[in-house]
Amino acid sequence: MEKIRQFVPSHKAVTGGLVFGMILFFNCFGFPIYNLNKEWPLFITAEYVFLGAGTALFSGGLLAGQFPQKRLWQIALLTAALSCLGLGCRYLLEFGEASNAYNFTLPNVALHLAAFTGIGSLRWRYAVKNSRKRDCLPR
């Protein structure tokens with residue numbers, strides 16, 4: 001674990017690329033968090049909601065490790081931009097398929113962007129706040 005803590009500050013470009021790539025991947029393959037247009041079985045719906053929220057929490061933690069000095073609005077803007085890029089990749093991946101017709105509707109895209117950005121940004125805030133508290137404690 002100590003090697004990772006030494007690697008991250010000294011290789012910001014590499015770790016930043018990995019964090020951005022993971023967020024793009026999560027948004028590309030985790031869309032939609034909840035499909036408002038198509039009825040899915042309860043188990044699949046619960047699985048998508050759970051995995052979507054989990055990946056947003058994980059992404060917020062990754063961003064906290066990468067950008068602890070940024071402000072909340074900057075992280076929210078970055079998360080929203082990366083989410084949009086991930087959705088664009090998903091659209092291009094399924095271009096011409098019927099699933100784009102019922103997946104990429106305004107309510108589905110808005111819900112996904114709001115949920116992923118909100119959960120990820122709040123997790124970033126929580127992680128940064130806790131790390132600052134821990135740094136102030138005597139060792």
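What percentage of the 139 residues in the protein is made up of buried residues? Buried residues account for 33% of them, where buried means under 20% relative accessible area, exposed over 50% and partly exposed in between (1.4 Å probe, protein chains only).

The model is predicted: local features need pLDDT of at least 70, side-chain atom pairs count only at pLDDT 80 or more, and totals for chains, interfaces and linings use all residues. Residues are numbered from 1 along each chain as its sequence is written, and side-chain values use heavy atoms, with hydrogens and water left out.

**View 1. Overall helical architecture of the protein.** The protein has six helices and zero strands, in the order α-α-α-α-α-α along the sequence. Helices (H or I, at least four residues) and strands (E, at least two) are DSSP runs, numbered from the N terminus. The C-alpha trace spans about 55 × 30 × 25 Å along its principal axes. Of the contacts (heavy atoms within 4.5 Å) between residues at least 6 apart in sequence, 79% join residues at least 24 apart.

**View 2. Packing of helix α2 against helix α3.** The axes of α2 (residues 12-29) and α3 (residues 42-66) come within 10 Å and cross at roughly 165°. The two helices are therefore roughly antiparallel, a term for angles over 145 degrees. Axes are lines fitted to C-alpha atoms, for helices over the stretch in contact, and angles run from 0 to 180 degrees between N-to-C directions. On the α2 side, the contact includes Lys12, Val19, Phe20 and Phe26, and on the α3 side Thr55, Ser59 and Leu63 are among the residues met. The residues of this contact divide into eight nonpolar, five polar and one charged; Ala, Val, Leu, Ile, Met, Phe, Trp, Tyr, Cys and Pro count as nonpolar, Asp, Glu, Lys and Arg as charged, and the others, Gly among them, as polar.

View 3. Met22 lies in helix α2 and counts as partly exposed because its relative accessibility is 32%. Leaving aside residues up to four places away in sequence, Met22 touches Phe58 and Leu62.

**View 4. Thr45 and the buried residues of α3.** Thr45 belongs to helix α3 and counts as buried because its relative accessibility is 14%. Beyond residues up to four places away in sequence, Thr45 touches Tyr34 and Trp40. Other buried residues of α3 include Gly52, Ala56, Gly60 and Ala64.

Definitions and conventions
Parallel < 35°, antiparallel > 145°, perpendicular 65-115°, else oblique.
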